[in-house]
Amino acid sequence: MAVATASGLPKPESAPGPGAAPSLLLRLLLGGALALAIALGLIGLAVDRGFRGAAESALKERLESVVFLILSTIDVDSQGRPMVADSLAEPRLDQPGSGLNAGALTPYGAWSSPSLVGVTEAPRARLIERGTELFRGPAVDGNWYVYAIGLGWEQPDGEIIDLTIWAAEDPGRFQGTVAGFRGDLWRWLGLAALLVIIAQLVILLLLLRPLRQVAVEVAEIEAGRREALQRSYPRELQPLTANLNALLATERDNARHYRKALADLAHALKTPLAVMRSRLDGDLLREAPALSSAVDDMHHLLRRQLERAARSTRRTLPPPVAVLPFIQRLADSLSRLYAESGLEVEVLGDDEVSARIDGRDLMELCGNLMDNAAKYGAGRMRVTVSEGARGLRQPGVEILVEDNGPGIAPERFGELCARGVRGDERREGQGLGLAIAQELVEAYAGSLELLPSTLGGAAIRIALPPR
Amino acid sequence: MRILVIEDEEALRELLGRALKREGHATDLAADGTDGLHYATEYPVDLAIVDLGLPGHGGMEIIRSVRQRGLKYPILVLTARSDWQDKVQALELGADDYVTKPFRIEELMARVNALLRRSAGHAAPEVRFGPLEVNLSSQDVRLEEQLLELTSFEYKVLEYFILHPDQVVSKMELNEHLYDEDADPDSNVIEVIIGRLRKKLDPDSSWQPIETLRGRGYRFRSAEA
C-alpha cells in the first residue's frame, strides 16, 4: 500500500519516557528497615558481649570462693602431699559428676574432690608459679572453666613448697545461662524492630497522604473533572499547591486572553483587508493586479501567522475529549454548508474514543481536512474514528478522512502540507487547510499520512500518539 | 429583497450596502449589535449578513435571538475569525453560511443569491415557471427562450414573486422588501410596475402569472403547479 507522509518531515516516534522510580514509601521503608537492622544488630552484639563478660566474672568469683574454701581446710603432710577435710561446705564437691570440681597439688602429691570421680576428661591440673592466679575457659582447657592460685606452703621444718589450688566447672551451666539470655535478647529486639517498622509505616502513610491527595487532584485536573487543587494541605505543602493552582489559573487566563487578543487582532486586520479586497474587485483589479495579489498574500500570511500564534495557547494538561461528537458536529455543519452539492457525510467510529487534545485544536484539525474533502470531493465523504497505538495510560487516536474526489498525488502531498499551496485551483479556498492540519498534528507529536481511499479519492489519516 | 447588514467597520458596511444595491436589493445597515438586533427582529428582513465581532450584542447573540423568535430568513456570517469552532458554533446557532474576511465581493454576492434561492426552495439558480425561465444568478429572464428586457425594479418585483410563489403578497409587503427603510415610494408605483410586468411576461394574456386579489394584494402563480 503506497503511503505518503507529510512533507518528508521525520515521523515523530514515541520517545521512551523515564522509567518509574521506586515509590517514596518503599524507599523510606527499606532505608528505615536497613538502618534499624544495623542499629539493633550492634545493640544486640554489645549487650550480648556485656552479659557474657559479666557471667564469666561471676563464674570466676564463684570458682575463686571454692578455691578459698579449699584453702581454708587444706593441710600438707610431712611428705609434702596435700590433705583436705572429707566434708566440705560446698556439697557439689562431694557429688560425683556434679560439674563442680576442685583440687590441690604440690610437687609431691595431689588431691581432688570426690565430684571428679567418673569424669573421663578431668581438668588438666599443673603447678603454677607462687603468687599468681589464672582463669581460663574451655577453649584452652578442654571442657572446663578453671580458676587456680599458686601459693608457697611453709612446712614445719621451714621448707617452703609450691602449692596450687584449683577449682573447675563444667561450661554447660554457663553456656545455658548465656544462651538463654541471648535467646531472650534477640526475641525482644526482633519484636522492637517489628513495632518500629509498623510505627514507621503508619507515620510514612500519614506523611505521604497529602502527596497522594495532590496526585489524585492533579489526575482529576488532567481528566477535566476539576480546575484547581481544592483540598486543604499541610503548611509545608501549601506553597507547592498554591503555586500549582496559580500556574493553572495563569495558564487558563493567558490562553483566554490570548485567544481574545488574537480574535481582536484578526478582526482589526482582516476587516480593512476586506475593504481593500472588495474595492480591488472590478475595474481596479484590471488596473492594479499586483496590488490585488499583494492583498491576497497579506491575507494568506496573516491567516497563517494567526493560526500559528493561536496554537501557542494550547494548555499543558488538556482534558481528554470524546472525538466522535466533534466529528459529528463538523459533519452536520458541512452538510449544511454544502447542501446544494448534495454532500453525503458518513461518520463511523466508537463513541468511547477520546483524545487528549484541546477541543479547538481538534475542531480545527478535523475541520480543515473535512472541509477539503467536501470541497475537492465529488459529493461523498467518510470519516472513521478509531483507537490508535496502545499507550501506558490511554491509547492513541486515528481519524481517517476519505473522499471520492480526484485524490492527491503522493509526491505533491508533502508540498501541500508544508507550504499551504492550493491543491486544486478550481475551488475557492486559501490552500492552507493541509498545512494548518500538519502544524497542529505536529504540535501534538502526531502525524498526517496520505493513503489510498476506498471511496476512490484522497484518504488522509490523522494519527495522535498515545499518552 | 431586503437585506440587513450588521457590520461595525463603516467602510466595509457602506461598501456592502452599495454592492447589494447594485444587485437590486434594498438594504438596512446597522453599525453595532444593538441596532443590528433591533433591525433583525423588528424589520421584514429577507437575509441578514452578520459580522461576529460586533460592539454591543455580539454576532452569535444576534443569531441566537433571531432564531429564538422563530425568524427563519437566511443568515450569512461574516467573520474575521477563521477557526472552525466559531464557524460550527455559528452554524449550530442557526446561521446558514459564512464568509471569512477578507473576501471577494463577487463571492459574497454569489453566496447571498444562493442563500435567497435556497430559502425559497430552489436548488439551482435556473427557475422555470411555464414559458418563463429566470436565472437568479445572472438575472437573465427569458420568455419562451427569448431574452426579456426588464428594468432593475421590474426584476426586483419578479424575483420577489418567484421566491414567494403561490403566496399572497400585499403592496405593503412589496414596499417593505423592495425599498430601503427611508424611501417613501408612491403607492401607485407598485401597481404601475406590476402592470408593466404583466405585459412583458404575458403579452397575449394566455397564462396570467400575476393574480390580483382585491383588497389583499397579488399572487404569483407557478404555472407548473
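This is a predicted model: local features need pLDDT of at least 70, side-chain atom pairs count only at pLDDT 80 or more; totals for chains, interfaces and linings use all residues.

Entry 1, the interface. I looked up polar contacts first, and the rule finds six residue pairs in polar contact across the interface of chain B and chain A, both residues at pLDDT 80 or more; such a contact is a pair of N or O atoms within 3.5 Å, where within protein one must be able to donate a hydrogen and the other to accept it, and residues adjacent in sequence count only if both atoms are side-chain atoms. On the chain B side, helix 1 (10-22), helix 4 (84-93), strand 5 (97-100) and helix 5 (105-119) each supply at least two residues that touch chain A; helices (H or I, at least four residues) and strands (E, at least two) are DSSP runs numbered from the N terminus. I sorted that side of chain B by class and noted 14 nonpolar, five polar and 17 charged residues, with Ala, Val, Leu, Ile, Met, Phe, Trp, Tyr, Cys and Pro taken as nonpolar, Asp, Glu, Lys and Arg as charged, and the others, Gly among them, as polar.

Residues are numbered from 1 along each chain as its sequence is written, chains are lettered from A and ligands numbered from 1 in the order in which they are written, and side-chain values use heavy atoms, with hydrogens and water left out.

The contact (heavy atoms within 4.5 Å) takes 36 residues from chain B and 33 residues from chain A. I also looked up salt bridges (a side-chain nitrogen of Lys or Arg within 4 Å of a carboxyl oxygen of Asp or Glu) and found four across this interface, including the one between Arg329(A) and Glu92(B), at 2.7 Å from N to O. Over all chains the count comes to 34. In chain B, Glu7(B) forms a salt bridge with Lys101(B), their closest N and O atoms being 3.2 Å apart. Glu7(B) lies in the loop between strand 1 (2-6) and helix 1 of chain B and Lys101(B) in the loop between strand 5 and helix 5, so this pair ties together parts 94 residues apart in sequence.

What is the peptide bond from Lys101(B) to Pro102(B), cis or trans? I found it cis, with omega near -10°, and Pro102(B) is in the loop between strand 5 and helix 5. Gln139(B), in the loop between strand 7 and strand 8, has a positive phi near 65°. I noted both because most residues other than glycine have a negative phi, and most peptide bonds are trans.

Chain B holds an open sheet of four strands in the order 6-7-8-9 with antiparallel pairing (two strands pair if DSSP finds at least two bridges between them), and its edge strands are strand 6 (126-129) and strand 9 (146-147). In chain A, five strands form an open antiparallel sheet in the order 5-4-8-7-6. Strand 5 (109-112) and strand 6 (133-136) of chain A each have a single partner strand, so one side of each is left without a neighbour in the sheet. Four bridges join strand 6 of chain A to strand 7 (residues 145-154), and Arg136(A) has Val146(A) as its bridge partner in strand 7.
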